[in-house]
Protein chains: 2
Amino acid sequence: MATTVQPSPAETATRTTQSQAYGVANSQSPIEPMTIERRALRPEDVAIKITHCGICHSDLHMAHNDWGMSVYPMVPGHEIVGVVTGTGSAVTKFKVGDRAAVGCLVDSDLTCEHCMAGHEQFCPNWVMTYGGKDLQDGSVTYGGYSDHVVVRQEFVCRLPASLDISRAAPLLCAGITTYSPLRKFGVGPGTKVGIAGLGGLGHMGVKLAAAMGADVTMITTSPEKGQDARELGAHHVLISTDQAAMDAAAEHFDFILNTIPVTHDVAPYLNLLKPNGVMVIVGAIDMLQGVHGGALAMRNRVIAGSLIGGLPETQEMLDFCAEHNVHPEVEHIGPAQINEAWDRMVKGDVRYRFVIDMAKTEGAA
Amino acid sequence: MATTVQPSPAETATRTTQSQAYGVANSQSPIEPMTIERRALRPEDVAIKITHCGICHSDLHMAHNDWGMSVYPMVPGHEIVGVVTGTGSAVTKFKVGDRAAVGCLVDSDLTCEHCMAGHEQFCPNWVMTYGGKDLQDGSVTYGGYSDHVVVRQEFVCRLPASLDISRAAPLLCAGITTYSPLRKFGVGPGTKVGIAGLGGLGHMGVKLAAAMGADVTMITTSPEKGQDARELGAHHVLISTDQAAMDAAAEHFDFILNTIPVTHDVAPYLNLLKPNGVMVIVGAIDMLQGVHGGALAMRNRVIAGSLIGGLPETQEMLDFCAEHNVHPEVEHIGPAQINEAWDRMVKGDVRYRFVIDMAKTEGAA
C-alpha cells in the first residue's frame, strides 16, 4: 500500500496534499487502500486530521451503487471526527488543535431559502461528503475513510470537549438522523415514544428520546433486542410479533421513530399511534406498502420522512449529546477491517455502529 | 306517506315526538319517507327544527353499508342547520328561536383525554349523528334528513347571524373536514396551498384556504374544473395530467389538501411538496398506493389524515366563515329529490353540495 506522511499545517495551507484513503474502485470491488488528493486550503477551508470515521449502512449502498448515483473511485464515510491541522486565511471558527466534526454534506450554495433556514440538506446545490461534486472546481468529493479531509468551515461542527472523540463519529449521521425528527415533533417529558428497530439508527433513537425525557418503548421482533434496548435507556419493550401486546398498545404512542431498514407493512405501527400521533420513517429508503386512508384519517395520524439535519441542528445535537452524556455504542476497527465490518453489518452483527480508528494499525493491509 | 305536525316547544320538552324523516330500510333500499321518534328532552337537550340538511357522500356509503357498520332503518344526514324549538331544563347555551347547527357527532363521554382536549371525534364513546347508539338509553340515532332533531347542547353549535342558513349546512362536515387540517398545519398568508380534487370537500378547501390568505392552486385533471376553481377563489390551476406542468411545480407547495375520493397514486402529489411540506388526505377512505420511503425522507415530507374536527373547532370554523363570508356552493332540493340527488352525486353532477330544504315540498312523495 502507499504510505503518506501527515502534512504540516503550513504545507496543508499552501498545496494539495496526498491522503491515505480506503475506497472502492467500482460497484463490485472491496474496500482497498488508495491515495487521493485533498485540495490546497481555500480561504474558508479547514484541514482536519481524521481520528475516527463511523460506518453507515448507506456507505455500502453507495459503494454498490444501489441508488444509481455513485461515482468511482469512491472513498465512503460521512461520520467524521478529528482535529484541525490547518485553516485557510478567512477561517474564524476554528484554530489548529480544535476538535472538529463533519457529517453528510460539505457544501451548499448558502443563499437559497433552505440554506437561509439552516436546512442545507435541502439545498438544490448541496454537496455530499463523498461522491459529490465540488461547487468551485467540479472535483469529486472523497469521504472520511481517510487520514485527513479539507472542508469549508461552514460545514464543520465543533465537537464539544465532554464528548469522547473515539465514540462520537456516529452522531454525525445516525445521531442527527434521529435527533432531528424527535425535535421537530416535540418529543420531551410526557411524550410516549416508540422506537421500531434496533440498529445504528434505532439505538440512537432510544438514547436520544430517553435523554429528552420521553417515556421510551422499544418495538422489536426480538426479546433479546428488547433487553439490549433497556440497557440503552428504553423503559418498556413491545414485541411486534405478539399480537395481543400490539392490540393492547393500540393508540398508545404520541410518536414512533421507525428505523426498520427494509420495506414493510407500516399499518401495524400506525395502529399504535394516538390521535394526532406521528410516525417518522428514517430507515426504509425503499417502497413502503400501501396504507388505508382510514387508518390515517380516523385518528388524524401522520407519516413523515426525515433526512439528517442542517448544520445548525447538527451542532445543536452535538451540544445536546455533550450535555446529556449521550454517546453511540461503537465497535472500533482499524482501516484493514472495513471489508469484514461491512460483511458483519449486512448480517446485523454489530452493536451498534462500527467506527474506524484511523490510528489502529494492527492487521492493516 | 305519514304526515306529522311540528310539536310545540312545550310538547317537545315533555314527551317523545314523531318526526317526519327520510331514510333507508336496508342497504339496497332507496330513500323513502318514514316516521321516527325523537326522545323527550333531557335536561341538557335542545330540540331543533331542521330547516336544511346537506348531503354528504358518506351518507351514500353508510346507506349502502360500504363500511360494514350500518344499522337499519337509517336516517342519514350530518350537516344540519335549523332553529331551536325547545330546551331542556338545564340548557344555558340556547333559547327558543336561536339558530343552531349539528355536525357528525351528537355525544361523547366528555371526560376522556380527547374530549378534554376538545377533540370529541376521537372519544372512544363518541356517538355518530346517525347510526350511532345513544349513551343513555342505547337507542339508535337518526340524522338530519328529517324535520327535527334532539341533541344535547354540548354538541350543538351556534350558527352566526351573518351566515345564510340556506347555504350553511355543508360547513358542518365538508367545512370542518377541510378547515381543521388547514389550521393544524398553519395555512395562512405566504403559504402555497394546493387543493387536489374539486368536489364537496375540494370546493370548501379552495374557499377556506383563500379566506385564510394563502396562495391557492387548484390541482385537477380538468381545465373546466380549473376555471370553476378560479371562480371559487383559486389563484392558479395545475393540470395534473400535464407532466411538464407537474415537473415545473415540483417542490412548490407548503401544503396540499388531497380531496380525491378514490384510491390513487399519491407519489405525483408528494413530489409537488417543498421540504417539510404536508399533504393531508381527506377524501380517500380507501387503500392508498405505496409510496417510496425516499420520497418522504429526502424532503422531510409529511402525509397525514384528518377527521372532521371537535366541537370547539367546529364553532371556530363557523365563526371564521361568518367573518369571511365563506359559504358553500349549494344546489337546493326538496326531500322528494334525495334519491335523484344521490344518483347525480355518484356521477359527480353537483356544484358542489346538495342541500335538502325541508320546507321545499314540490314533488314531495
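User: What is the mean pLDDT of chain A?
Analyst: This is a predicted model. In chain A, 95% of the residues reach a pLDDT of 70 or more. The mean pLDDT of chain A is 94.

User: Over which residues of chain A does pLDDT stay under 50?
Analyst: The model has eleven contacts beyond four places in sequence for this stretch. Where pLDDT is low, predicted coordinates should not be read in detail. The stretch in chain A is residues 1–5.

User: What ipTM does the predictor give the complex?
Analyst: The predictor gives the complex a pTM of 0.92. Its ipTM is 0.90.

User: How many residues of chain A are in contact with chain B?
Analyst: On the chain B side, 29 residues take part. Strand 14 (273–281), helix 10 (293–297) and strand 15 (302–305) of chain A each supply at least two residues of the touching side. By class, that side of chain A has 16 nonpolar, ten polar and three charged residues. The number in chain A is 29.

User: Which residues touch the most other members of the largest nonpolar core?
Analyst: This core holds 225 residues. Beyond four places in sequence, A:A209 touches A:L182, A:V187, A:V193, A:I195, A:A214 and A:V216. The residues that touch the most other core members are A:V102, A:A209, B:V102 and B:A209.

How values were computed
Residues are numbered from 1 along each chain as its sequence is written. Chains are lettered from A and ligands numbered from 1 in the order in which they are written. This is a predicted model: local features need pLDDT of at least 70, side-chain atom pairs count only at pLDDT 80 or more; totals for chains, interfaces and linings use all residues. Two residues are in contact if their C-beta atoms, placed from the backbone, lie within 7 Å. Helices (H or I, at least four residues) and strands (E, at least two) are DSSP runs, numbered from the N terminus. Ala, Val, Leu, Ile, Met, Phe, Trp, Tyr, Cys and Pro count as nonpolar, Asp, Glu, Lys and Arg as charged, and the others, Gly among them, as polar. pLDDT is the predictor's confidence in each residue, from 0 to 100. A nonpolar core is a set of buried Ala, Val, Leu, Ile, Met, Phe, Trp, Tyr and Cys residues joined through C-beta atoms within 7 Å. A residue is buried if 20 or more other C-beta atoms lie within 10 Å of its own, exposed if 12 or fewer, and partly exposed in between; C-beta atoms are placed from the backbone.
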